[in-house]
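Student: Please take me through one part of this model up close: the surroundings of its ligands, with the charged pairs as a follow-on. I'd like it in one go.

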Amino acid sequence: MYKEITIDPITRLEGHGKIDIFLDEAGNVAHACLQVPELRGYERFAVGRLAEEMPRITETICGVCPTAHHMCSTKALDDLYGVEPPPAARKIREFQYNTFMFEDHNLHFYFLGGPDFIVGPDAPAAERNVLGVIAKVGLEIGKKVIDIRKRTRNIIQTLGGRVVHPVNGLPGGVSRGITKEQQEEWKKIAEDAVEFAKFTLKAFDDIVLKNKAYVDLILGDVYKHKTYYMGLVDDNNKVNFYDGWIRVVDPEGKEFAKFKARDYLNHIAEGVESWTYIKFPYLKNVGWKGFVDGKDSGVYRVAPLGRLNASDGMATPLAQEYYEKFYQTLGGKPVHHTLATHWARVIEAMQAAEKMVELINDPEILDPRIRNMDFKTPKVGIGVIEAPRGTLFHHYETDEKGRLTKANLIVATVNNSAAINMSIEKAARMLIKNGVVNDGLLNMIEMAFRAYDPCFACATHNLPGQVPIEINIHNAQGEIIRTIKN
Amino acid sequence: MAKPKVAFYWCASCGGCEEAVVDLAEDILKVVEAVDIVLWPVALDFKYKDIEAMPDKSILVSFINGAIRNSEQEHIAKLLRQKSQLIVAFGACAHLGGIPGLANVANRKEIFETAYKLTHTTVNPKEIFPQLVTEIPQGKLTLPEFYDTVKSLDQTIEVDYYLPGCAPPPDLIMKGVQTLLSGNLPPKGTVIASEKALCETCPRNKTKPDKMVIKEIKRIHEVIADPEKCFLAEGIICVGPATRGGCGERCINANMPCRGCFGPTKEVIDQGAKFLSALASIIDANTDEEVQKITESIIDPIGLFYMYSLPTSILRRKQGV
Ligand code: SF4
Ligand code: SF4
Ligand code: SF4
């Protein structure tokens, strides 16, 4: 007989993510998995739609990272119609995109995942949220967080029309340009963003890195997985969020593959399981060996840690300094410690802010030529972008009128779905022994989960802060004999 | 006096409606001060049974976003109806079905086949599909059932008010909250936005010629839209005439036409049909051939005229499936 433990992260009322743990007779973990009980069918109802409407349609997949879907979809349209946006349009898109990356990474750090560190993993659950962060860092700083969010989101709103679900992407360009006055105003915001990123990195340094217990936690075995890593890089193998080569490194950090979006089908495949609605991508040229680590397993990881590991460095000077320190502190490349994702994320926020400064100061961004309409007959369009939560693919096929006949989407978090399951299983195995369920289990699993910042958690709305988690321990008859909750 | 009790809840939603609440920024503190939030799964730990234990009608108002697409969502919506004096459908998905409601062009079987079999990267030789119950050696794993049809909130429970938009703009959210707390309640069924069509407040309206005629329909990527001129007058589909105003002309500001996320104007049930009649009245076609040519140029009327409202339209869903 097996005992079943259910962790229902969003309590029972949500149904977007549930963790099941089964114990064997000795009380050790026999099986653990994360179920995603949500499917919405975008790939089906995209069929018949006009390609140019896809950036508006697909972004409603996620209201937390709509800009990533909007931009990726727009890039798929560039490819579909065989057009490169003029330099100003490209710069506007990149500026908008980096602004979004900066804003979203801050949201994660201050509202979602960061509280575990800033307030402390052992702090009472009720304090591990943005209010606890404000209490710890002070109200002044709390206001700063709200202020920079507001100002950066205003940029997206101005360019995109709506901040939740922007609308300005068109094949070969954008629908509106930037005025001189806006440029002046946004230069200031961009500079403030860099200052804010410095502040965040310093806070990370003071609160996390100067605390040996935290560093030990990051380096601990519970959160370690030796996998492949994927991320977009530029021609110099530096991290790029908007465009470039998709680079994959093996668990030793050696380049395994480097390809353009157009070739993604040669490299990625997805498996299906009957117990969850989410699919499990893997590297086709390694193969699916199940939920296991190592060089022979096609499991790969994306998102901030994946991007840093898959690159040779950051594209901007300040971010590069932190990048070097990151690998020095954590014992060289690649870093396999899942929790280091939080640090990687704030380093990326710095690159995004520095990029904002660079792009908005570029005189060419004001050029009124923002559309390339030299369209070829549409057939296939593939777009890729680095969403905050990982590499995102949009692939459309159309008839000659540009109406969709087929769509394929690999959403950022989905790339990490196998690894997330592995992290949960590992934490469970290490923390449940002989039927004794360690009370720390709940929090440890929650932290493993949060580091990935899973998008289905976005979709399941763990904003702003606490994911309510409940572990029910059932006896063989299915009665609850013990409940642990945060 | 005890503060009024307020609940926030989400069904099948993208999370954007919650971001819009966070975008209240400092104003959110005012809301928190004025009310007692009894249910907000993002921020507060609570259980069904806590809500079940509350006396009926003890919550002043529940704001619910997202469409309804599984049994769990239906259950909690019904529970909140019982416990609340007022229900507000928050955002386009709860109000009209929203973009995810376009899934009603297909059924569950087609959606499953596409996602788990036909998509390019899917490798599924054994044709495994997600199952409600999976037996594993250690026990059973269960999944909630995915409904065939996406429904708006008022197709599931009675709704008192609507806050439209994808997502609703923060200024309207504040206005809605203040109105409901003031006790000076608008008539039931009110959509908390403008009573008029978007065109009436659109800055481009004044550029419309007295007698608007269009000879051909242009697609948004095929033209450089003049940032001053009415899209429709230029032959670009803009659902403004059939859409309720109040969004602040958000898309128009970005030089893109409206796709109707605020839903139909007052007393109109079917936004797409309303738009079609508005369009028909301005099309300048004399012969049958001309009419046919222009109709054919509207390649995807469902996607364009019903982008946010398919589940609540008279079409409702694909028939015969
Ligand atoms: S209305 Fe728009 S923002 Fe709100 S849940 Fe639906 S898709 Fe998301
Ligand atoms: S049709 Fe569109 S652009 Fe023209 S006035 Fe109406 S909302 Fe404005
Ligand atoms: S312009 Fe139309 S689609 Fe855009 S926000 Fe307003 S109502 Fe919604």
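Tutor: Here's a walk through the ligand shells, then the salt bridges.

This is a predicted model, so local features need pLDDT of at least 70 and side-chain atom pairs count only at pLDDT 80 or more, while totals for chains, interfaces and linings use all residues. Residues are numbered from 1 along each chain as its sequence is written, chains are lettered from A and ligands numbered from 1 in the order in which they are written, and side-chain values use heavy atoms, leaving out hydrogens and water.

Start with ligand 1, which sits between chains A and B. Chain A brings Thr60(A) and His165(A) to its surroundings, and among the chain B residues there are Cys14(B), Cys17(B), Cys93(B) and Cys166(B) (a residue is in the shell if one of its heavy atoms lies within 4 Å). Helix 5 of chain B gives the most, 3 residues. By class, the shell around ligand 1 splits into 6 nonpolar and 6 polar residues, with no charged ones.

Ligand 2 has another set of neighbors, including Cys199(B), Cys202(B), Cys230(B) and Cys238(B), along with Lys208(B) and Phe231(B). Its shell has 8 nonpolar, 2 polar and 1 charged residues.

Now the charged pairs. Over all chains there are 53 salt bridges (a Lys or Arg side-chain nitrogen within 4 Å of an Asp or Glu carboxyl oxygen). Lys426(A) and Asp221(A) make one at 4.0 Å, N to O. Lys426(A) is in helix 15 (residues 417–431) of chain A and Asp221(A) in the loop between helix 10 (212–219) and strand 6 (228–233), so this pair ties together parts 205 residues apart in sequence.

Lys78(B) and Glu74(B) pair at 2.9 Å, N to O; they're 4 residues apart in helix 4 (residues 71–83) of chain B, about one helical turn. Lys78(B) is partly exposed at 42% relative accessible area, and so is Glu74(B) at 21% (buried is under 20%, exposed over 50%, partly exposed in between, with a 1.4 Å probe and protein chains only).

Lys188(B) also bridges to Asp160(B), closest N and O 3.7 Å apart. Asp160(B) is buried, at 7%. Finally, shared partners join Glu103(A), Arg149(A), Arg153(A), Glu19(B) and Asp23(B) into one salt-bridge network.

How values were computed: Helices (H or I, at least four residues) and strands (E, at least two) are DSSP runs, numbered from the N terminus. Ala, Val, Leu, Ile, Met, Phe, Trp, Tyr, Cys and Pro count as nonpolar, Asp, Glu, Lys and Arg as charged, and the others, Gly among them, as polar.
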